[in-house]
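Biologist: I'd like to learn how to read a structure like this one, feature by feature. Please start with the plain idea each time, then show me the case here.

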Amino acid sequence: MKRIQLFEFEDFNWFPNWLRNCMTNLIVVLQRMMGTPEALASLIAGIVQDTKISRIVDMGSGSGGAMPEVFKILRAKQGLENVELIMTDLYPNKEFIQRFNNTPETGISYYENPVDATNIAAAPEGLKTMVNSFHHMPPKEARKILKSAQENNQPLLIYELGENNIPLLIWWILLPISLTILMVMVLFMTPFVKPLTWKQLVFTYLIPIIPICYAWDGQASLPRIYSFADLDKLLDGLNKENYTWEKGYAKDKKGKKKGTYLMGIPQ
Ligand SMILES: C[S@@+](CC[C@H](N)C(=O)[O-])C[C@H]1O[C@@H](n2cnc3c(N)ncnc32)[C@H](O)[C@@H]1O
């Protein structure tokens, strides 16, 4: 496989939740900047229309990522006004549970109990989405997720903002410069974090733990992403009857590539 199993800070269970939240807050800003919600919404709209499943269960939601925005886009589409979104995570984000579960907006919620994406069968019913979280799964777990979605006849959409398409040696050579770029980007993205807390500010501008951890996790994510060939290896041997797998590039309205996806649909 091209994918390698590097560590990411946010995967350690000793890693403070507030710090993990500050980092996933930044991914929300990044995805808004990159136009991820539109590209994702168009993929999800297609699945919802085809399968008639109107509940989306996002796994590994972090601070919500692109999904709350995707939810708004979907609800504005004709025929999708009743779409529901449940966000879940192995480390549920308490602030976001409060924010989404106390909102007058109906149809969107954050599950309070930890949901392990490797145990799809135990997650609430619906279209499962994994946005920028599948690369956290080592191959054995990743295959278990795909197999479980198929065996439980559950549609699944895996999306990654990045693509693992550069040679590993180049990645190592470029690492010092790419880490620096990401750390500087954090300084500019932070004012757009909502809600902007004192912790986010202090640990970005005074004691820069967030830029350091974010830069490492962001860079380490790239070689951890399953390439298209890796996905084929994961799917190899799975029964193809009554369930189809499709992979490709998510695209915006102008046809510009906006990340990669793997979609599993029961027939
Ligand atoms: C890179 S963040 C992505 C968050 C969000 N989906 C986004 O796009 O901003 C990865 C998330 O996956 C979660 N995660 C890691 N392992 C998980 C697992 N086994 N089950 C569910 N969530 C997991 C982490 O807690 C983290 O919130």
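Biologist: How far apart are the end C-alpha atoms of residues 196-216, and how much of the span is helix?

Modeller: Helices (H or I, at least four residues) and strands (E, at least two) are DSSP runs, numbered from the N terminus. Here, residues 196-216 are 81% helix and 0% strand, and their end C-alpha atoms lie 22 Å apart. A quick word on the source: this is a predicted model, where local features need pLDDT of at least 70 and side-chain atom pairs count only at pLDDT 80 or more, while totals for chains, interfaces and linings use all residues. Residues are numbered from 1 along each chain as its sequence is written, and side-chain values use heavy atoms, with hydrogens and water left out.

Biologist: What does UniProt list for that span?

Modeller: An unreviewed UniProt entry lists residues 168-190 and 196-216 under "transmembrane region". UniProt positions follow the numbering used here, feature names are shortened, and annotations may be inferred rather than shown by experiment. As for residues 168-190, the chain there is 96% helix and 0% strand, with the end C-alpha atoms 30 Å apart.

Biologist: Which residues form a nonpolar patch on the surface?

Modeller: Patches are made of residues with over 30% relative accessible area and no salt bridge; like charges are joined within 9 Å, and nonpolar side chains (Val, Leu, Ile, Met, Phe, Trp, Tyr) within 5 Å. The areas come from the Shrake-Rupley method with a 1.4 Å probe, and for residues only the protein chains shown count as cover. In this model, I166, L169, I170, I173, L174, I177 and I181 form a nonpolar patch, and together they have about 660 Å² of accessible area. Take L169 as one of them: L169 sits in helix α6 (residues 168-189).

Biologist: Is L169 buried or exposed?

Modeller: Buried means under 20% relative accessible area, exposed over 50%, and partly exposed in between (1.4 Å probe, protein chains only). L169 counts as exposed because its relative accessible area is 61%.

Biologist: And which residues form a positive surface patch?

Modeller: For charge, Lys and Arg count as positive and Asp and Glu as negative, while His and the chain ends are not counted. The place of a charge is NZ of Lys, CZ of Arg, CG of Asp or CD of Glu. The positive patch here brings together R32, K72, R99 and K194. R32 belongs to helix α1 (residues 17-34), and at 39% relative accessible area R32 is partly exposed.

Biologist: On to pairs of charges. How many salt bridges does a search of the whole structure find?

Modeller: Side chains of opposite charge can pair when their charged atoms come close. A salt bridge is a side-chain nitrogen of Lys or Arg within 4 Å of a carboxyl oxygen of Asp or Glu. The search of the whole structure turns up six. One of them pairs E8 with R224, with the closest N and O atoms 2.5 Å apart. That pair ties together distant parts of the chain, 216 residues apart: E8 is in the segment before α1, and R224 is in helix α8 (residues 209-224). Both E8 and R224 are buried.

Biologist: What other partner does R224 have?

Modeller: R224 also forms a salt bridge with D11, where the closest N and O atoms are 3.0 Å apart. Again distant parts are linked, with D11 in the segment before α1 and R224 in helix α8, 213 residues apart. R224 counts as buried because its relative accessibility is 1%, whereas D11, at 29%, is partly exposed.

Biologist: Where is D232, and what does it pair with?

Modeller: D232 forms a salt bridge with K247, the closest N and O atoms being 2.9 Å apart. D232 is in helix α9 (residues 228-235) and K247 in strand β6 (residues 243-251), 15 residues apart.

Biologist: Last topic, the backbone. Which residues does a cis peptide bond join?

Modeller: Most residues other than glycine have a negative phi, and most peptide bonds are trans. Here a cis bond joins K194 and P195, with omega about -10°. P195 lies in the loop between α6 and α7 (198-206).

Biologist: What is the phi of N132?

Modeller: N132 has a positive phi of about 55°, although it is not a glycine. N132 is in the loop between β4 (127-131) and α5 (139-151), and N132 is buried, at 16% relative accessible area. N153 has a positive phi as well, near 55°. N153 lies in the loop between α5 and β5 (156-160) and is partly exposed, at 46%.
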